[in-house]
Amino acid sequence: MGVKKATAKRRAGTKKRYVYFFGGGRAEGRADMKELLGGKGANLAEMTNIGLPVPPGFTLSTEVCTYYYEQGKKYPKGLETQVTSSLGRVEKLFGMNFGDSENPLLLSVRSGARASMPGMMDTILNLGLNVETVEGLVSRTGNERFAWDSYRRFVQMYGDVVLGLKPEKKDDVDPFEEIIERKKRERGVTYDTDLTSQDLKGLVDLFKREIQSRRGVNFPEDPMEQLWGAIGAVFGSWMNERAISYRKLYDIPHSWGTAVNVQAMVFGNMGDDSGTGVAFTRDPATGENRFYGEFLMNAQGEDVVAGIRTPLAIEKLHEVLPHVHDQLLDVRKKLDRHYGDMQDFEFTIQNGRLFMLQTRTGKRTGFAAIRIAVDLVDEGLITPQESLLRIEPDQLNQLLRPVFDIEEKRRAVGEGRMVAKGLNAGPGAATGKVVFNAPDAEEWHRRGERVVLVRIETSPEDIRGMSASEGILTARGGMTSHAALVARQMGKVCVAGCTGIDVDYAGRQMRVKGQTVREGDYISLDGTTGEVMLGEIKTKPSEVIQVLIEGTLKPEGSHVYQQFAKLMSWADRFRSLRVRANADQPDQSRVAIALGAEGIGLCRTEHMFFGEERIDSVREMILAADGEGRRKALAKILPMQKGDFVGIFEVMNGLPVTIRTLDPPLHEFLPHEDKEISELAEKIGISAEVARQRINALHEANPMLGHRGCRLGIVYPEITEMQARAIFEAACEVKQRGIDVHPEVMIPLVAHVNELKQQEKLVRKVAGEVFEQKGVTVPYLVGTMIELPRAALTAGEVATVAEFFSYGTNDLTQTTYGLSRDDAGKFLQEYYDKGILEKDPFQTIDQDGVGLLMRIGTERGRGVRPKLKVGICGEHGGDPATVEFCHSIGLDYVSCSPFRVPIARLAAARAALKGSKKTERKKSSVKDEGSRKAAGPARPPK
Ligand code: PEP
Ligand code: MG
């Protein structure tokens with residue numbers, strides 16, 4: 001160790017650093033120090049280091065936050081000294097002094113967590129103003145109105161954030177806004193900008209008095225007291241209710257804490273050569289590689305985000321301040337290249353001089369995420385692997401989301417139902433009933449309604465309601481307003497800044513184009529064009545779906561599709577986990593194939609029983625008095641079931657098809673109403689009384705743990721026999737037509753190897769008979785679902801018979817937890833609220849419990865049959881986190897609903913890239929289904 005390093009270490013050992021300075025082209029932090037400095041602090045440091053004009057400042061690290069909460073809201077020793085000395089450096093660099101009555105330095109105090117939490121925590125601007133320093137600001141700027149407006153804003157923000165004067169109920173107006181409105185009425189003016197410096201002075205006084213009377217505290221005049229108050233409030237905001245619920249929504253651990261950034265204020269509201277803006281290095285809605293942003297002249301940063309004034313497009317800045325516009329173009333290029341990703345940055349222009357206030361990786365729609373990731377590869381800035389890691393699998397949902405039916409929309413427009421147009425802030429089509437506040441959105445959603453949330457503007461309190469809505473419509477705000485940012489992040493349809501609507505919260509209605517829309521009325525939003533239409537409008541599938549499934553759009557006609565296909569081809573190159581689909585019908589199988597499925601992982605044969613012409617025969621079979629009667633009825637079902645299998649085998653064209661024998665308790669197929677029972681009895685030639693008796697006899701107290709799964713085939717072997725016959729006859733016939741077939745017969749709900757043995761024997765007997773009759777054989781497997789803990793624990797025995805396992809994690813979760821999959825929804829919310837469970841175990845696998853059984857089952861199964869094929873077919877198979885888990889425990893495939901197949905493909909690729917050194921999948925290693933037919937990217941229909 002060199003002397004220098006050793007001394008540095010000693011120094012670090014004696015004095016822990018809590019504060020990181022940046023300014024004057026050099027910073028103590030870097031972009032990769034997000035854990036310590038939070039996203040904002042780390043990037044302020046990075047921007048300083050790459051030579052961008054950042055006002056000087058310092059960051060109090062997240063360790064201070066952790067300490068603060070661990071030690072009963074106390075600060076670590078030494079922090080105060082470090083803050084004071086950093087503040088001194090800022091004063092020196094900026095040539096101004098904090099609290100100076102002649103040349104006062106003002107500060108901003110902002111939060112900044114490791115993960116971006118837009119608007120969830122608190123910010124205080126213009127800190128350092130008091131009755132003396134405000135006069136200094138007046139004389140330094142020569143602008144009395146500006147100085148008093150700054151003070152007015154400071155008292156308002158500090159009063160709200162630090163001293164807690166804010167609206168108490170959901171329909172309450174902000175107390176400060178109320179005072180401003182009163183003042184405007186008194187002065188007979190419409191806009192805030194019409195208020196004079198005298199008026200603003202009056203407002204400061206009124207604000208302070210309101211704070212005193214309602215909060216019982218005097219507004220602090222000492223700048224240092226203000227600073228520590230603000231720092232405490234920002235750390236405190238880490239634990240406010242909306243920040244906590246945001247973290248829950250986005251899986252951000254509470255233990256991370258936030259950093260606090262203290263920075264010299266620069267002003268965008270110092271006159272006509274000042275301004276402020278937000279820009280993206282690429283278009284956040286479409287992902288297009290173009291500079292995209294908005295600005296307001298003579299305004300402060302929060303005016304753009306809060307949507308009080310609708311900002312101008314960034315190109316217009318060229319007309320106002322061409323040199324700043326050019327400088328911004330350079331900044332854009334530098335940031336995009338330096339970070340190798342789309343950045344969302346904030347800037348302020350103070351008297352014609354540009355300052356950078358923030359940069360971060362920009363939130364984007366699913367469309368934009370994919371386009372940017374694919375374009376960056378094409379531009380040589382990142383590798384395909386990196387691009388796959390940049391896209392959250394669930395973002396693909398947006399590409400698969402519906403758009404309006406063109407004809408329906410045209411009709412709506414023709415009928416004059418297109419009543420307003422706002423900004424196209426979040427693409428896609430949404431239709432639903434109007435609600436005017438977030439709690440209502442949540443409540444209506446809970447009772448099964450589709451809702452569109454309409455607000456004048458949204459605020460962070462609204463996030464849960466936004467999440468519950470199909471779409472969001474706001475009267476104010478630009479593309480970077482809260483509504484727009486959050487909606488895009490959530491993948492919600494959003495029309496923002498729609499000035500044509502006039503919202504009346506108290507009356508629960510809005511006026512638009514002379515019409516009144518009341519709570520509960522339908523409206524439709526086109527988030528791609530910004531149009532607002534009255535009434536409900538049917539939606540249509542996405543472009544990807546149109547190319548791949550409907551065949552109504554040519555691949556070359558859709559850029560979205562082309563990028564999707566490219567991305568999917570990369571995903572397929574890097575993943576090792578196979579992806580199959582759960583499908584019961586030929587048309588579902590077709591969709592699955594189009595979306596890239598490599599086989600069917602679960603065909604639930606009971607779904608085939610419900611067809612109109614079939615259900616009677618199924619019921620006849622169930623109500624038959626004996627085996628003979630059952631066989632007679634089964635003979636009627638056999639050709640129908642066989643027909644379905646033929647259809648599926650044809651579509652799957654050589655890919656494996658896992659067919660499960662009958663699973664649900666038989667009473668699920670039976671009628672319960674007297675009238676229906678009598679009709680059925682007549683049809684099948686028994687008395688209504690006998691029918692009723694037999695139905696009653698089938699009743700079970702706990703059917704999910706009753707006579708279902710393989711237990712049916714054991715008690716009624718003729719059912720398994722019929723199903724096996726239908727499978728093998730179909731397979732032979734299809735094979736005779738020259739189509740390759742690979743059936744895999746799967747026995748459900750096995751707990752004991754002897755159950756499987758018995759059913760396997762039966763299946764193999766039928767297969768032999770059919771092959772002999774047809775004079776042809778087909779390769780097939782017999783395996784089992786692992787959906788009971790006993791099966792997983794005794795997998796070593798089960799695998800002596802089973803040629804494959806498929807985890808039925810719906811039942812495995814139910815039986816491991818002893819938690820009814822049909823009833824758990826009624827009370828699980830309490831579990832999340834009370835912190836007992838973090839997530840729904842029926843959605844994402846419980847890795848420690850159910851996952852452990854999967855691990856044990858796989859290890860023990862492969863212990864006796866090393867090549868045992870193992871997959872998952874519960875609903876978890878399409879959940880990205882579960883897919884990653886399945887990859888990590890060495891499963892061969894996941895099977896999910898057809899529309900989640902692309903999501904699972906991407907999740908599987910990300911798992912492979914994250915979890916191992918595995919590189920491209922070599923052609924030679926593509927075994928089983930893949931070697932029969934290369935899966936490749938999703939294909940459009942011929
Ligand atoms: C399962 O239990 O996970 C499964 C796929 O079967 P089902 O949902 O039909 O019970
Ligand atoms: Mg099951």
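# Close-up views of a predicted model

**View 1. Polar contacts around ligand 1.** In this predicted model, a polar side-chain atom of Arg660 sits 2.9 Å from an oxygen atom of ligand 1. Backbone atoms also take part: an N or O atom of the Thr809 backbone lies 3.0 Å from an oxygen atom of the ligand, and for a backbone N or O atom of Asn810 the distance to a ligand 1 oxygen is 2.7 Å. Ligand 1 on its own exposes 290 Å², of which the protein buries 95%.

**View 2. The shell of residues around ligand 1.** There are 14 residues around the ligand, and those that come nearest are Arg604, Arg660, Gly808, Asn810 and Arg821. Two elements, strand S28 (600–604) and helix H33, each give two or more residues to this shell. The largest share comes from H33, which gives three residues.

**View 3. The magnesium ion (ligand 2) and its protein donors.** Glu787 (OE) and Asp811 (OD) coordinate the ion at 2.0 to 2.2 Å. The two residues are 24 apart in the chain: Glu787 belongs to the loop between strand S31 (781–786) and helix H31 (789–793), while Asp811 belongs to helix H33 (residues 809–817). Both Glu787 and Asp811 are buried.

**View 4. The bend in helix H2.** Helix H2 (residues 34–49) has 16 residues, and a straight helix of that length would span 22 Å, but the end C-alpha atoms of H2 are only 15 Å apart. A bend of about 80 degrees is found at Lys40. Of the 16 residues in H2, 13 are buried, so the helix is largely enclosed by the rest of the structure.

View 5. Most residues other than glycine have a negative phi. Asn298 has a phi near 50 degrees, a positive value in a residue other than glycine. Asn298 is part of the loop between strand S10 (292–297) and helix H11 (301–306). Its relative accessibility is 32%, so Asn298 counts as partly exposed. For Leu749, phi is likewise positive, near 50 degrees. Leu749 is found in the loop that runs between strand S30 (742–747) and helix H30 (753–774). With a relative accessibility of 2%, Leu749 counts as buried.

Note on methods: Residues numbered from 1 in each chain as written. Chains lettered and ligands numbered in written order. Predicted model: local features only at pLDDT ≥ 70, side-chain atom pairs only at ≥ 80, totals over all residues. Heavy atoms only, no water. Donors = N, O, S within 2.8 Å, 3.2 Å for Na, K, Ca; no water. Helix = DSSP H or I, 4+ residues; strand = E, 2+ residues; numbered from the N terminus. Buried < 20%, exposed > 50% of the residue type's maximum accessible area, 1.4 Å probe, protein only. Expected span 1.5 Å × (residues − 1). Bend = angle between axes of the 7 residues up to and from the residue. Near = heavy atom within 4 Å. Polar contact = N/O pair within 3.5 Å; in protein donor to acceptor, adjacent residues only side chain to side chain. Areas by Shrake-Rupley, 256 points an atom, 1.4 Å probe, with all protein chains shown as cover.
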